[in-house]
Amino acid sequence: MPAYAGPAAARPGDIAGTLKLLAYLGLACVLIVLDHRGGWLTRGREQAQVFVQPLWAVAGWPGKVVDSISDDAGTRSSLIAENRRLRNALLVSGARIARLQAATADNERMRGLLGAVERGGLDVQLAPVLDIDLDPTRQRLVLDAGAGDGVRVGQVVIDAGGVVGQIISVNAMHATALLLTDPDHALPVAVLRNGVRLVAYGTGRTDRLTLASIPLSSDVKVGDVVVTSGLGERFPAGFPVGTISALRPDESRAFLVGDVKPAAQFDRGRDVLLLRSAPQRPVIGPAPDTTSALAPSVSVAPPASVRTTPAVKTAAATTAATPPAAATTTARAPRIEAPRP
């Protein structure tokens with residue numbers, strides 16, 4: 001470039017840019033003045049935020065998703081721990097409720113035993129059940145009371161419902177009771193409604209006794225209550241034995257066979273009562289309204305009739321409405337009553 005050349009002339013593009021800049025500056029100054037005086041720009045920004053809100057919400061979705069996942073993970077862990085704690089608490093509560101129910105059931109059974117003693121004015125001894133054998137061929141109770149506690153062979157065992165059995169062996173610490181349901185056991189009984197005397201045999205089942213050789217002419221019905229007759233002087237008269245639940249002809253069609261639902265609960269309870277002495281009166285007396293022609297002595301035998309001689313008892317049974325077949329069955333009962341060794 002030669003040394004005598006002057007400064008370069010301004011180009012048209014530079015002048016236009018300068019003018020645009022000046023125009024923008026002037027417009028900015030005008031807007032600042034107007035906004036300062038009227039505040040319309042502030043309102044414009046507020047209106048613009050309304051349209052921008054959806055964009056902000058969409059922009060915040062990823063963060064919300066991450067926070068929700070984190071919260072759900074923490075909530076699931078806390079719920080699992082809480083469920084484990086509640087499950088343990090439920091098991092503990094269930095065990096406590098089971099213990100309370102067992103205590104309530106024992107309390108009810110003890111109240112039943114106490115009520116039976118008070119109603120009958122009985123002289124009894126409470127004996128805990130140590131073991132039970134409910135095999136179909138062998139129905140026994142082992143009691144946690146023996147000769148040292150005053151238990152003796154032949155004592156009658158009862159519970160709140162009725163007769164359970166009798167003591168057949170005793171040692172110093174324990175005693176064994178033969179249940180009514182033992183196949184080798186037979187018990188002289190009488191129908192409470194009309195005094196018909198029968199013999200109840202054990203069947204090996206805790207829910208059934210059998211009445212054999214019931215005369216067809218006897219007034220025995222389903223639903224009749226059966227009590228001890230007192231014959232044989234082993235079981236006092238008037239103790240509930242059960243209720244007749246079914247009657248059917250035997251194989252010979254000459255007699256009936258009856259099923260008796262026992263009054264005692266052989267498979268429940270942890271205590272039984274041992275009779276120390278026979279009560280002075282029957283525990284359950286005869287029915288007050290006897291429509292039949294039976295004499296009072298033919299109904300449930302009171303202790304006085306039990307203490308009569310066998311000849312008197314046979315004569316009373318013969319003169320009553322009981323047919324000869326029933327008398328034969330009854331006379332056989334005391335011999336069968338003793339348990340088989």
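On a 1 Å grid over the protein atoms alone, a cavity is a set of points where a 1.4 Å probe fits but cannot get out, whereas a pocket is an open set with protein on both sides within 12 Å along at least five of seven lines, and lining residues have an atom within 4 Å of a point. The structure is a predicted model, in which local features need pLDDT of at least 70 and side-chain atom pairs count only at pLDDT 80 or more, while totals for chains, interfaces and linings use all residues. Residues are numbered from 1 along each chain as its sequence is written, and side-chain values use heavy atoms, with hydrogens and water left out.

The second largest pocket holds about 290 Å³ of space, a volume being the space filled by probe spheres set on the grid points, which are joined across faces, edges and corners. Its lining comprises 21 residues, and Arg-109, Asp-159, Arg-268, Gly-269 and Asp-271 are those that lie nearest the centre of the pocket. At least two lining residues come from each of helix H2 (40-120), strand S1 (123-135) and strand S12 (271-277), where helices (H or I, at least four residues) and strands (E, at least two) are DSSP runs numbered from the N terminus. H2 gives the most to this lining, with five residues. By residue type, the lining of the second largest pocket divides into ten nonpolar, three polar and eight charged residues; here Ala, Val, Leu, Ile, Met, Phe, Trp, Tyr, Cys and Pro count as nonpolar, Asp, Glu, Lys and Arg as charged, and the others, Gly among them, as polar.

Strands S1 and S12 also belong to a closed barrel of six strands, which runs S1-S2-S5-S4-S3-S12 with antiparallel pairing. Two strands are taken to pair if DSSP finds at least two bridges between them. Strand S3 (residues 156-158) and strand S4 (residues 163-170) are joined in the antiparallel sense by three bridges, in which Ile-158 stands opposite Val-163 and Val-157 has Gly-165 as its bridge partner. S3 and S4 form a hairpin with four residues between them. S4 pairs in turn with strand S5 (residues 175-179) over five bridges, again antiparallel, with Gln-166 opposite Leu-178, and four residues likewise separate S4 from S5 in a hairpin.

Another set of six strands closes into a barrel in the order S6-S7-S8-S11-S10-S9, and the pairing is antiparallel. The average twist from one strand to the next is 40 degrees.

The structure holds nine salt bridges, each defined as a side-chain nitrogen of Lys or Arg within 4 Å of a carboxyl oxygen of Asp or Glu. In one of them, the side chains of Arg-193 and Asp-219 meet at 2.9 Å, N to O. Arg-193 lies in the loop between strand S6 (186-191) and strand S7 (197-202), and Asp-219 in the loop between strand S8 (209-215) and strand S9 (225-228), so the pair ties together parts that are 26 residues apart in sequence.

Methods. Axes fitted to C-alpha atoms, helices over the stretch in contact; angles between N-to-C directions.
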